[in-house]
Structures are given as C-alpha cells and as structure tokens.
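Subject: Structure handover and notes

Hi there,

Here is the structure I promised to pass on to you.

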Amino acid sequence: MNEKIALNIFYAAIAAAVISLIACAAVVYSSARRQADALFDRQTQTLAQIYDSYGAQGVGSAVPEGLFIQLTDGAGDVSQFGEKYDGSDLCERTITLHDGGALYVAGRGVGISQCYGPLAVIILAIAALSAAAAALRAKAIVRPVRELSKSLERDITDAGAQIPYPELEPIAGLIQSSRTSGKDMRQEFTANVTHELKTPLTSISGYAEMISNGMAKPHDVKRFADKIQTESDRMLTLVNDILELSKLDDEEKIESPEPVELFSLAMECADQLSASAEKRGISIDVTGSPTTVMGDEGKLWELIYNLADNAIRYNHDGGRVDIEVKDRRVTIRDTGIGISPEHQKRIFERFYRVDKSHSRATGGTGLGLSIVKHIAELHHGRITVKSELNAGTEITVDFT
Ligand code: ADP
C-alpha cells in the first residue's frame, strides 16, 4: 500500500476515535443529568403532595437538606424554606399546586458530578490522540521540506530536486540561482587563473627552450634571461595575489582588530612607491592628519598600497598622485588616464581590466582592486569611485 494512503487511513482512524470519544462523553453526561433530573422531579412531586396534605407548615418541616423552596399559596402568600443555591449542576422546577398556588424548588442535581471523573479521562484521551495526530501531520509536512534542503545541500541543479510546496519555489529558485552563479564564478575564476598562468609560462618555456637548444644567439641570451625573469616575477605576483584573495575569501571578519593609524601607513606606502613614481616623473604626496581605524594593519597597508600603485601605473608620465588621509577616510587622486563610466562598475571584479596590455605591461594581475574591495568590506569601509577619461581618477575608502 502506498505510504500516503496508509497515513490517510491512520488519520481517519484517529478522527473516528476522537469522534467516538466525544460521543461517549455526551452520553455519560446526559445520562448523569437525566438521573439527577428524575430524582429532582420525584422530590418536587413529594413536596407538592405534602403541601396538599399538610399545607405550607408541612412543607417547611419536610424540606430536604440542600434544597431551596418558594411556596406561593392560592391566596398569594409567599413562604421560603432552605438556603438559596447558586452553585454548579443547578436543577430547578416550578409546578402548579392544586389550590392554584406555585411551588418553586431549586438545588444541586445529585449525581451529576460523579460523571466528571470519566469525562476528564475521555477529554485527556481526546487531547492525547489529537496531539499524536498533529505531531504526525507536522512530521509529514516537514519531511519533504527536509528532503528538499538535503538535496539543496547536495546540488539542486544536477539532482533536479522536486519542490514539495509551490510556496517554496521562489526561495528554492533563489538558492538555485545563487548556487549556479557561485559555480559559474568559480569556473570562470579557475579558467582565468589557468589562462593568466599559462601566458607567462609559455613565454618562459619558449625562451628557455631557445637558450637550451642553442637557437639563441650569444647576444640574445641576456635579453631572453631578462624576459624569463620578468615573466617569473609576474607569475609570482599573480600566485601571491590569488593566495591573498583565497585567504580573504575565507575570512568573514578581522579576528583580532587593533587600532591602525592610516596617515603613517599612507606615508609608508608612498615611500615604498616613490622609486617607481620617480622613474616616470610622477609626484606622490600625502596630506591630511593622523586618523585611526580598528582593523588589520597589514591588510590596510595593502589596500592603500594597491590604490596608490594603480594611481601611478595608470598615470601619464609627469603626472600627480595625491593621497589624502583624514577623519577615517582615505582618498587617492591621480591625474592619469581615467576610467569611463561603463568600466567603473566592473573594475572591482576579479581579472577585469580595461586595457589588458597596459595592465600586463605595468605588472598588473587584474586582482588588485578585488583585494582592495575585500579588505574594505572586512573593515566595513565604503568605496566610491569618481573618474573622468583622460582627466584622472579619485577613489575614496570611507571607514566612518
Ligand atoms: P590591475 O592589476 O590590472 O591593475 P586592478 O584590479 O588593480 O588590476 O584594476 C583593475 C582595472 O581597473 C585595471 O586594469 C585598470 O584598467 C583599471 N584601473 C584601476 N585603477 C585605475 C586608475 N587609478 N586609473 C585608471 N584605471 C584604473
């Protein structure tokens, strides 16, 4: 038998049991009530007979304990006996007397409360059965969701996981698309890394082969060796950047943040870059005042260094680079080639370069700004780019 049918039969059985128990409870209560009513009727009739034989005095002396009696005789005189009762299980009767008067009797129905014990047991049984059915139903509802989440953990795209409820389709779709794009990004990254490493390796291997099989003329050997060194350096830089990025990918926050003074960090970066700036007649200045942020000094150094390095590499000979540090904000301005608006959005993507050959020729890996973005995010910094083609670029990282 199909599991779903078995489950439905089980629910039907529980529902039938609950209904029978409710019916049982009704029968138990109504029979207790009936017995109490019959007894009360007999007592009222007896009191009416006593009145007929002995009058109001007779009734007064025969009132059973726990009953309240109001007697209105044929002449309209009213007499009351016993204590008024307004508790639970109340029974009341009013009958007309032979002399035209009325007898009102009120009191507690004897025996009704005896059914409360069995009723409590029945109610508990109903509650237990309902709870068991609810637990089973909840399990049955949650099971497909759990299965879906397991299949999402594996790989929804390959498994083609069934979506158990239409309400879950949007969220499953969202997970699916983010997975797919994550997968695509990883694949693209791997393809890019392979390509980036292959290019210098091919040149290294070509030059080395020419030297080794004697095809290189003696005066070319030095030139070829220099090329091999340049390409090896490029590979080393690339590998370092990839390692740095993969480390940053694994970090969700700075583990032990320390106060880092940005102005002196900017001065150090400018100092380190002064030789390469000087080579092209580019001036590099640091202005502003000391300002401190909580974070990782090494990473913040790398952020400023990468931005300042770009400002030099994408500058015109004889240009200017200004690093301004103040109020937990670092701004790096250059008078370089600038970036057109359509490229500005993409320069923080891995391996995205506006001009590949310019980037390569200046020792770029296409990863510098991705590293900058990661570091800024880890420090809750906001990056803004302002740039104009052939006028210059201004990149600000705001840690406020
Ligand atoms: P790269 O190693 O190629 O410099 P980056 O990630 O540092 O890689 O930068 C990505 C691209 O953004 C660069 O290739 C360049 O085209 C552009 N870019 C970055 N900084 C500047 C700048 N200051 N001026 C002009 N273009 C820039």
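Below are my notes on some helix contacts and on the ligand surroundings.

One thing to keep in mind throughout: this is a predicted model.

**H5 and H10**

Let me start with helix H5, which spans residues 218–250, and helix H10, residues 368–378. The crossing of H5 past H10 is left-handed. On the H5 side, the contact involves Asp241, Glu244, Leu245, Leu248 and Asp249, and these meet Ser370, Ile371, His374, Ile375 and Leu378 of H10. Sorted by class, this contact of H5 with H10 holds five nonpolar, two polar and three charged residues.

**H7 and H10**

H10 also packs against H7, at an angle of about 145° and with 9 Å between the axes. Here too the crossing is left-handed, with H7 passing H10. H7 brings Lys299, Leu300, Glu302, Leu303, Asn306, Leu307 and Asn310 to the contact, while H10 supplies Gly368, Leu369, Ile371, Val372, Ile375, Ala376 and Leu378. The contact of H7 with H10 is made up of nine nonpolar, three polar and two charged residues.

**H6 and H7**

H7 (residues 297–313) has a further partner in helix H6 (residues 262–279): the two axes come within 9 Å and cross at roughly 40°. H6 and H7 are therefore oblique to each other, and their crossing is right-handed. From H6, the residues in contact are Leu262, Leu265, Ala266, Glu268, Cys269, Gln272, Leu273, Ser276 and Ala277. They meet Glu297, Leu300, Trp301, Ile304, Tyr305, Ala308, Asp309 and Ile312 of H7. In the contact of H6 with H7, 12 residues are nonpolar, two are polar and three are charged.

**The ligand**

Which residues come nearest to the ligand? Of the 20 residues around the ligand, they are Arg313, Tyr314, Ser359, Gly366 and Leu369. For Arg313, an N or O atom of the side chain is 2.7 Å from a ligand oxygen atom. A polar backbone atom of Thr365 is 2.8 Å from an oxygen atom of the ligand. Thr393 takes part through its side chain, where an N or O atom is 3.4 Å from a ligand nitrogen atom.

Happy to talk any of this through when you have had a look.

Best wishes

Conventions
Residues numbered from 1 in each chain as written. Predicted model: local features only at pLDDT ≥ 70, side-chain atom pairs only at ≥ 80, totals over all residues. Heavy atoms only, no water. Axes fitted to C-alpha atoms, helices over the stretch in contact; angles between N-to-C directions. Helix = DSSP H or I, 4+ residues; strand = E, 2+ residues; numbered from the N terminus. Left-handed = near helix turned anticlockwise from the far one by under 90°. Contact = heavy atoms within 4.5 Å. Nonpolar A, V, L, I, M, F, W, Y, C, P; charged D, E, K, R; others polar. Near = heavy atom within 4 Å. Polar contact = N/O pair within 3.5 Å; in protein donor to acceptor, adjacent residues only side chain to side chain. Parallel < 35°, antiparallel > 145°, perpendicular 65-115°, else oblique.
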